[in-house]
Amino acid sequence: MRIELEKRAKVSILFSILSPFIAFALTLVFGGIMFALLGKNPAIALYSYFVEPLIEVWSLHELAIKAAPLILIGVGLSVCFRSNNWNIGAEGQFIMGAIAGSILPVVFYDWQSPLMLPLMLVLGMIGGALFAAIPAFLKAHMNTNEILTSLMLVYVAQLFLDWLVRGPWRNPEGMNFPETRRFAADAILPEMLASGRANWGFAFAIIAAVLVWFMMRYTLKGFEVAVLGQSARAGRFAGFSSRKMIWFSMLFSGALAGLAGIAEVSGAIQQLRPVISPGYGFTAIIVAFLGRLNPIGIIAAGLVLALTYLGGEAAQLSIGVSDKVTRVFQGLLLFFVLSCDTLIHYRIRLVWERLPAIKTDEAH
Amino acid sequence: MGIVEAILLSVITAATPLVLAAAGELVTERSGVLNLGVEGMMIMGAVCAFAATQLTGSPYLGVLAGVAAGASFSLLFGFLTLTLVANQVATGLALTLLGIGASGMIGESFLGMQGIKLQPIAIPLLSELPLVGPLLFRQDAIFYLSVAIVAGIHWFLFRSRAGLKLRAVGDSHGSAHALGVDVIGIRYLAVLFGGACAGLAGAQLSLVYTPQWVENMSAGRGWIALALVVFSSWRPWRIVVGGYLFGAVSISQLHAQAFGIGIPSQFLSSLPYVATIVVLILISHNRRMTLINTPASLGKPFVPDR
């Protein structure tokens, strides 16, 4: 049996809508098989993974908390990926944004002002953008592969944070725990609703997604992103600069990742610790693809991936499967999304027997 | 054993996984396929090698399991990018993410277990030589394999007919296809070879370098291996040079910590990553040279027309 691809005359709209759903369904099927292999009842496991977190108010709040950074980063990455710039160091930009934004509440901890929070958010965006500026500069002016440099910088950022919270920024009253001071009230991102923990980070994420959607659809910049991404040559003829696009897309996604970082730290954690992210920056790559690089799709995808984090915690408690299953689910999901995307551009044919080599001769 | 000898020995041990993974990826990239999943294949190799060793008691079976894990994991990548023409960059990332997750799950029950080390094999006579003997001829099987693999790749790529075909596929898949070369078939084999090498590199980590299972123990080595391929300008012997250079950097960091030099350990630990970036800049800032050396079809999808 062989699999053959036949290019569709036109991009299939049906499959471009269906493919994320097919991918999610396939992930569920494989997840069920995986649970069965682990000796768990797949129905119960999948229920506690994907349904249980959705039926209580507090866990919906947790969902919003986890979805916020995923959507913020994912939306930024979608602009990058669309313009063919592969920033995969969002995890590092997230961390550096969190660090830059935390300068005020950690170093100037006795400063009280309503300006504290807005300044922190701005600093967070600047921190993320500056950290993304390194791979941007190296790609635009030194011709260096941005995939490798942005990824290497993730390790650097993680180690830098580790040094800060164990060294100069350690809480002097914190019994030697590796963590900073707890943020003062001024420095905390407030909750959105009275019913639970979800903070304004989620609102930022939705606003960012809508703005990027508008930019991509109705502005020249959005058109520029799309053209340069599909063909740098065509973009040059239109007078667009690839180099400027590298700068724009990297700084933009870096700033959003930085915002996600400071929002997470000031909203959910309220201090810095050696580890502040369960891999949001990498999971956001999956979010971007599952959302088909479309900001509105990314909102939905962010919620789905946030659910895998929550489900992992829930399933660990209720049926005793390892929370590592979460990462496997996320990886599988990306695999299935990528394979289902093939259906958008190609018809897939299973060929059961080898066709005779010269068949057309008889027709002549 | 003198201090110099000990340091050189540790450099070799640190460099071997980098050399192996980079050598495998070099062949994959020479065929025009960019597999960014090295880190994922490596960590799968590491965990499967460790698990198999624990279960069977034989580190050699462990090595086999590591190779098999890396290879079968790479097939997943091959199926998506070659058969389904999915985006190679994204699929490679997916492979890494899945590998990190799956290895964590497989390895959970092996955490904290005492590992079984792959024992060195002394080569008669040669191992008696001063300095060179203990360094190069009293090593474990994976080290010998790494040397053989690099030499073999060099011979294969530049001295054999099949290697010529592979390079042709990587430089112009359209022309190779027109000449009747099975582009997809060759690429599958190249991806598979890259996966096997990454799996072997992983086995080295969990059976030789630090004989135990630690989550995420590859710690970015797969990515450094990818950078090494760029560093080598896609030439096998330069991978050895680069690999040993990086091995030295990561070891110097450990020794600096041991000597208690007053630099925070986190800064020393970030040295290999910073060094990778610096090397990438030095190698690639000359746009023309990069263009000449890079396989021309690297990362481009190929759908055979009928």
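**Stop one: a tryptophan in a loop**

Select A:Trp111 and, leaving out residues up to four places away in sequence, you'll find it touching A:Leu104 and A:Met116; contact here means that C-beta atoms, placed from the backbone, lie within 7 Å. Before going on, note that this is a predicted model, where local features need pLDDT of at least 70 and side-chain atom pairs count only at pLDDT 80 or more, while totals for chains, interfaces and linings use all residues. Residues are numbered from 1 along each chain as its sequence is written, and chains are lettered from A and ligands numbered from 1 in the order in which they are written.

A:Trp111 sits in the loop between helix H4 (90–107) and helix H5 (116–142) of chain A. (Helices are DSSP runs of H or I with at least four residues, strands are runs of E with at least two, and both are numbered from the N terminus.) Is A:Trp111 buried or partly exposed? It is partly exposed, because 14 other C-beta atoms lie within 10 Å; buried takes 20 or more, exposed 12 or fewer, and partly exposed is in between, with C-beta atoms placed from the backbone.

**Stop two: the core**

Next, pick A:Ile71, A:Leu72 and A:Ile73, which touch the most other members of the largest nonpolar core, a set of 214 residues. Such a core joins buried Ala, Val, Leu, Ile, Met, Phe, Trp, Tyr and Cys residues through C-beta atoms within 7 Å. Beyond four places in sequence, the contacts of A:Ile73 include A:Ala90, A:Phe94, A:Leu256 and A:Tyr280.

**Stop three: chain B**

Chain B has 14 helices and two strands. Its C-alpha atoms fill a box of roughly 60 × 45 × 45 Å along the principal axes, and buried residues make up 52% of its 306 residues.

**Last stop: where the chains meet**

Show both chains: 41 residues of chain B are in contact with 38 residues of chain A. On the chain B side, H4(B) brings the largest share, twelve residues. The predictor gives the complex an ipTM of 0.87 and a pTM of 0.90.

Note on methods: Contact = placed C-beta atoms within 7 Å.
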